[in-house]
Amino acid sequence: MVFKNKHLFWIFALLTAISFDQLFWERGLGINFFIFGLLASLGGLIPFWLEKITIPWTSYLLLIPVGFFSIMTFIRAEPSTTALNGLLTISGLGLFFMTLQNGFWYLYRVRDHLFNWFHLLLNTVIGGIVFFTKVKPNPLSSKDDEEPGNTEAGNSELEVETPSDKSKNYPFLKTIAPYLRGLLIALPILAVLAFLLGQADPIFNDRLQNLFSQFKIENLGETIFRFVYILVISYVLLSTYAFALLESKKYQVKEEDKFTIKPFLGSIESNVVLGAVNLLFLAFVILQFNYLFNGGENISIEGYTYSEYARRGFFELIAVAVVSLLLFYVLSIITKRQEKNQGWIFSALGLTLVGLVALILVSAYTRLNLYELAYGYTRLRTLAHIFMIWIGLLLIAVAVLEITKNMTRFALILICFILGFGINLNFLNLDQFIVRHNVSRVLAGDHETFETDLDAGYLATLSHDAVPKLVEFYTNPEIPENIRNEIGAVLACKAAVAEDQDEYSWPAYHYSRNQALELLQSQEKALDQYPISYDMYTLFVEVNGEVRSCTGYQPEPFD
């Protein structure tokens, strides 16, 4: 393949990798992740734009969720939300470059996604090598750029095509040679000018000293490590760009090819499997109606307390829902349904399975509500709550696909499910949600069955996202004094370990952290009434006549 701007790919890949080092080395996560994602995207797109290669608008659509989740990495501080944002950003960029030139990501089936992701991951190993062997510079464009009288340069450019030229065997070396020569010429000039500027400005001189301190013998190991991972990141980026250039246009969706795998399992066998699973689920649902959906009145008959029954099984029930969904999808692909009645029976059993799984999810949701009434909200319980709602929506979508005989669109539905879950989690603001509901639960104080003491120790473990809501409760005059003091002690603990904003350079800027620090500083005088003390590595706070550890939370089972 002849490509005029071939050299821009590896140059941008290398510059982006260097920017990663400068943005992240010894810095926390902040706006640097968004900047790196932006540079990685532009590094692959600019050569395409310069070459005027057509990119479908459907490919650009993927940049909308990628941009959203990358921005939220410096808006939300809650760990699971941040991890999901980072994962979805990287996955979105991978899918973007994987389908860059065809734009058919929304038509891909599950098999297509799995195959292309495997192909992309394999390409990260050999893609850079393939790029330099398959992509050639355009000799005519280089010749046109030279002066008419410079025949020697023109002839040397044309010699790329002659077998006798040794440089043809090493195209990469021929490409970078001019840059290396220019760098060697520039180094002594830069050294002299930098020395003079350093003498003129002491601050600039300090920056130069810090830069060259990396090359001291005691920092040699660190320098080598950073150099190696810069090369690795640049190679991975170059391989991804090479995939977008060489592979992303090859796959074309064929609507007539409706089935990824030729159906091989008989309809009777599939119906037996679905029927057996349905009977098992039906027995379970009937039991839930008797014990759980009846308000829990019959639970004590079996020897369990309300809270003991509630704390068991909701994660297992989620797993049952996911496994059942996968089972139905696989059977829908591999089952032979030549006759009309075979398809009707399979669909009926499948929709029955979906309905029973939905009831099982309702059971899991109810169990989780009972558990939260007993012990309050935690991150894991809240995540399970949200996930169950989205699994329920996914079940509805699968039922619609089965009714309309359009199960090949399951991959698109799955992408929408993942994006929806991620967006929901970001807008919910997990740690603020936990603070709001746990404090409100204590303020209600009308539940006689369970303990309703505020678990201030757990609130102290939450991220910066929780601080605005904690301050809102603390400054509310209608909050009872004892609860207000508990919240104040949590804020005092957080203020004691709060980072100084001056410690963070601009690449590590994080909105949630800055907002939390400003709010804590605004309450500094009010929080003096909660003295902080240290004992070795433990932080203690005095509140309501007691001295408590700031990290004294002990999680309940299945927290």
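Buried means a relative accessible area under 20%, exposed means over 50%, and partly exposed lies in between (1.4 Å probe, protein chains only). The model is predicted, with local features requiring pLDDT of at least 70 and side-chain atom pairs counted only at pLDDT 80 or more, while totals for chains, interfaces and linings use all residues. Residues are numbered from 1 along each chain as its sequence is written, and side-chain values use heavy atoms, with hydrogens and water left out.

**Exercise 1. Classify phenylalanine 387 by accessibility and list what it touches.**

Step 1. Phenylalanine 387 lies in helix α16 (residues 379–403); helices (H or I, at least four residues) and strands (E, at least two) are DSSP runs numbered from the N terminus.

Step 2. Its relative accessibility is 24%, so phenylalanine 387 counts as partly exposed.

Step 3. Leaving aside residues up to four places away in sequence, phenylalanine 387 touches Ile318, Val322, Phe417 and Phe421, where contact means heavy atoms within 4.5 Å.

Step 4. For phenylalanine 421, the separation from phenylalanine 387 is 34 residues in sequence and 7.2 Å in space, C-alpha to C-alpha.

**Exercise 2. Describe how helix α11 packs against α6 and against α1.**

Step 1. Two packed helices are described by the angle between their axes and the distance between the axes. Axes are lines fitted to C-alpha atoms, for helices over the stretch in contact, and angles run from 0 to 180 degrees between N-to-C directions.

Step 2. Helix α6 (residues 110–134) packs on helix α11 (residues 220–246) at about 95 degrees, with the axes 7 Å apart. The two helices are therefore roughly perpendicular; angles under 35 degrees count as roughly parallel, over 145 as roughly antiparallel, 65 to 115 as roughly perpendicular and the rest as oblique.

Step 3. The residues of the α6 contact with α11 comprise 14 nonpolar, 8 polar and 1 charged. Here Ala, Val, Leu, Ile, Met, Phe, Trp, Tyr, Cys and Pro count as nonpolar, Asp, Glu, Lys and Arg as charged, and the others, Gly among them, as polar.

Step 4. Helix α1 (residues 6–24) and α11 cross at roughly 140 degrees, their axes coming within 8 Å. This makes α1 oblique to α11.

Step 5. The contact of α1 with α11 includes Phe9, Trp10 and Phe20 of α1, and Tyr229, Ile233 and Tyr241 of α11. Its residues divide into 14 nonpolar, 3 polar and 2 charged.

**Exercise 3. Characterise glutamate 26 and lysine 405.**

Step 1. Glutamate 26 is in the loop between α1 and α2 (31–51), and its phi is near 55 degrees, a positive value in a residue other than glycine.

Step 2. Its relative accessible area of 69% makes glutamate 26 exposed.

Step 3. Lysine 405, in the loop between α16 and α17 (410–428), also has a positive phi, near 55 degrees.

Step 4. Lysine 405 is exposed, with a relative accessible area of 54%.
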